[in-house]
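Here are my notes for you, written as numbered points. Keep the model open while you read and look up each spot as it comes up.

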Amino acid sequence: MAVHRDDLIGGFRALQLGSKPVIVHSSLKSFGEVDGGAETVVSALLATFDSVIAPTFTYKTMLTPLTGPADNAITYGSGTDQNRMAEFYTPGMPADPLMGIIPETLRRLPNARRSRHPILSFAGINADAAIASQSMDDPFAPIARLAEQDGWVLLLGVNHMVDTSIHYAEKLAGRRQFIRWALTPQGVRECPFWPGCSFGFDAIAPDLARHTRSVVIGTAYTQAVELKILFEAVIARIKKDPLALLCQREDCERCNTIRMIR
Ligand SMILES: [Zn+2]
């Protein structure tokens, strides 16, 4: 049974978020078959929520320099092949396929606005102030603005491993940030406040269980958590255990650096 626009709108409404703005992370495949695909999901989101933003990150602009600051969770000089393939950031560059097709579909709408970070851009509809708030020194400012407006995170068939807002909460908790570099038409730009790794983020789920609203749409488990509550939960967890939410992959440079330098 294909999922239709009305099923999506019914599911989103069942979360009872009112007109609060949302940041969406998504897997189109998780719904099963959707009549009209990503366009239908985006259309249903916009029919339900006044403001919608999504990350439209562009990792293919990234460069690895030969040298740089210490304790930066990067192997300098290791990116020769990747550097050769790096592309200049342009405002029309498609979102990385890792983000899923839904953010890219949102970005391509004529009334969408996109922020200008060469790696960590966000696209939004009816969220101009949030989108405009981003800067190189505050890449996750759009999430902070959404939180001020009592915004919510919406996870469509994905879990907290892709929940970008947790990166912002980690920064609020004082966790180490890194530096990365991007290729732009104006030259190589330094991108400070690069976040840690998100592989361990779903460990926050039990802390949020009481505050999580959920609904199954098609075959997609859909969850919503208020941003302010998410921030509080992440900060509390890291205060209690400075190594919380790190991943267990032995070769994870960012998680290992945080363990080493804390
Ligand atoms: Zn990790």
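1. A definition to start with: four donors count as tetrahedral if all angles lie between 85 and 135 degrees. Donors themselves are N, O and S atoms within 2.8 Å of the metal (3.2 Å for Na, K and Ca), and water is not among the atoms, so sites may look incomplete. Now the zinc ion: the angles between its four donor atoms run from 106 to 114 degrees, which makes the arrangement tetrahedral.

2. Some housekeeping. This is a predicted model, where local features need pLDDT of at least 70 and side-chain atom pairs count only at pLDDT 80 or more, while totals for chains, interfaces and linings use all residues. Residues are numbered from 1 along each chain as its sequence is written, and side-chain values use heavy atoms, with hydrogens and water left out.

3. Which residues coordinate the zinc ion? Look for the SG atoms of Cys197, Cys247, Cys252 and Cys255, at 2.3 Å. Along the chain, the donors follow the spacing C-x49-C-x4-C-x2-C. Cys247 and Cys255 are buried (under 20% relative accessible area; over 50% is exposed and in between is partly exposed, with a 1.4 Å probe and protein chains only).

4. Next, the largest nonpolar core, with 47 residues. Such a core is a set of buried Ala, Val, Leu, Ile, Met, Phe, Trp, Tyr and Cys residues joined through side-chain atoms within 4.5 Å. Ile23, Phe122, Ile143, Leu227 and Val234 touch the most other members. Helix H9 (227-240) is one of the elements that each supply at least two residues; its share, six residues, is the largest. (Helices, H or I with at least four residues, and strands, E with at least two, are DSSP runs numbered from the N terminus.)

5. Now the aromatic pairs: there are six. Rings of Phe, Tyr and Trp (its six-membered ring) pair if their centres lie within 6.5 Å; planes under 30 degrees apart count as stacked, over 60 as edge-to-face and the rest as tilted. Phe12 and Phe49 have ring centres 5.9 Å apart and planes at 45 degrees, so this pair is tilted. Phe12 sits in helix H1 and Phe49 in the loop between H2 and E2, 37 residues apart. Phe12 is buried at 1% relative accessible area, and Phe49 is buried at 2%.

6. Finally, Phe122 and Phe140: the centres are 6.4 Å apart and the planes at 80 degrees, so the pair is edge-to-face. Phe122 is buried at 0% relative accessibility. Together with Phe57 and Tyr59, Phe122 and Phe140 form one aromatic cluster.

How values were computed
Tetrahedral: all angles 85-135°; square planar, octahedral: opposite > 155°, others 65-115°.
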